[in-house]
Each structure stands twice: as C-alpha cells, then as structure tokens.
Amino acid sequence: MLPAIQGGPHPAVEEFKKRTQRRIGDLRCPDHHQPPRVRFLGATLRDVTVHMSGCCDKLIQLANRKIAEQ
Ligand SMILES: [Zn+2]
C-alpha cells in the first residue's frame, strides 16, 4: 500500500472512479433501457463511496454487481 498523498489530487481515487465507470460501461436497464447514474462522494480512497441511482432497483442491483466483479 502506497502512502496517501496529502493536499493534492488523489490518483488512487481517480483510478477507482475510472475503474468503476469502466465496469459499469454501457449497462442499460433490461426493462427501461436507462443507464445508471453514478456519483462518487469522498476525496480519499478510504472515504469514497459510490451512490447509484437509476430507474429501478433491478438496474441498481445489476450495476452494483458489475462494480463488484473482479
Ligand atoms: Zn429499470
């Protein structure tokens, strides 16, 4: 684990965001054909949380599963 960089942009967080967006990719709800909306809260990798919203729970579950994939 690399030491955290203080007072600047956090590359690890940016990397996490990019990776998460990539995993979601062009996912669409199978019922409503809507993409999920993803928001990131928190400035450090320890604090960052992903807030998912979408047309229905099914889409949110699909998106969460994508993010959890290795
Ligand atoms: Zn839906």
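The model is predicted: local features need pLDDT of at least 70, side-chain atom pairs count only at pLDDT 80 or more, and totals for chains, interfaces and linings use all residues. Residues are numbered from 1 along each chain as its sequence is written.

**Overall layout**

The chain holds two helices and two strands. Their order from the N terminus is α-β-β-α. Helices (H or I, at least four residues) and strands (E, at least two) are DSSP runs, numbered from the N terminus. Of the 70 residues in the chain, 4% are buried. A residue is buried if 20 or more other C-beta atoms lie within 10 Å of its own, exposed if 12 or fewer, and partly exposed in between; C-beta atoms are placed from the backbone. Take the contacts between residues at least 6 apart in sequence: 50% of them join residues at least 24 apart. Contact requires C-beta atoms, placed from the backbone, within 7 Å of each other.

**The strands**

S1 and S2 run antiparallel and are joined by five bridges. Two strands pair if DSSP finds at least two bridges between them. Leu41 faces Thr49 of S2 across the pair. Strand S2 covers residues 49-53 and lies largely in the open, because the number buried among its five residues is zero. In a regular strand the side chains alternate between the two faces of the sheet.

**The helices**

H1 has 14 residues, and the count of buried ones is zero, so this helix is hardly covered. Its end C-alpha atoms are 20 Å apart, which agrees with the 20 Å that 14 residues should span at 1.5 Å a residue. The expected span is 1.5 Å times one less than the number of residues. Just after H1, Gly25 has a positive phi of about 55 degrees.

H1 packs with helix H2 (residues 57-68) at an angle of about 125 degrees, and their axes are 8 Å apart. Thr20, Arg23 and Ile24 of H1 make the contact with Ala63, Lys66 and Ile67 of H2. Axes are lines fitted to C-alpha atoms, for helices over the stretch in contact; angles run from 0 to 180 degrees between N-to-C directions. H1 and H2 are therefore oblique to each other. Angles under 35 degrees count as roughly parallel, over 145 as roughly antiparallel, 65 to 115 as roughly perpendicular and the rest as oblique.

Thr20 is found in helix H1. Arg37 belongs to strand S1. Asp31 sits in the loop between helix H1 (11-24) and strand S1 (37-41).

Thr20 is partly exposed, because 17 other C-beta atoms lie within 10 Å. Arg37 also counts as partly exposed, with 13 C-beta neighbours inside 10 Å. Asp31 has 10 such neighbours inside 10 Å, so Asp31 counts as exposed.

Leaving aside neighbours within four places in sequence, Thr20 is in contact with Val38, Val50 and Ile67. On that basis, Arg37 contacts Ser53 and Gly54, while Asp31 touches Cys56 and Lys58.

The table lists one C-alpha distance for each residue.

| Pair | Separation in sequence | C-alpha to C-alpha |
|---|---|---|
| Thr20 and Val38 | 18 residues | 9.1 Å |
| Asp31 and Cys55 | 24 residues | 9.2 Å |
| Arg37 and Ile60 | 23 residues | 9.1 Å |

Note on methods. Contact = placed C-beta atoms within 7 Å.
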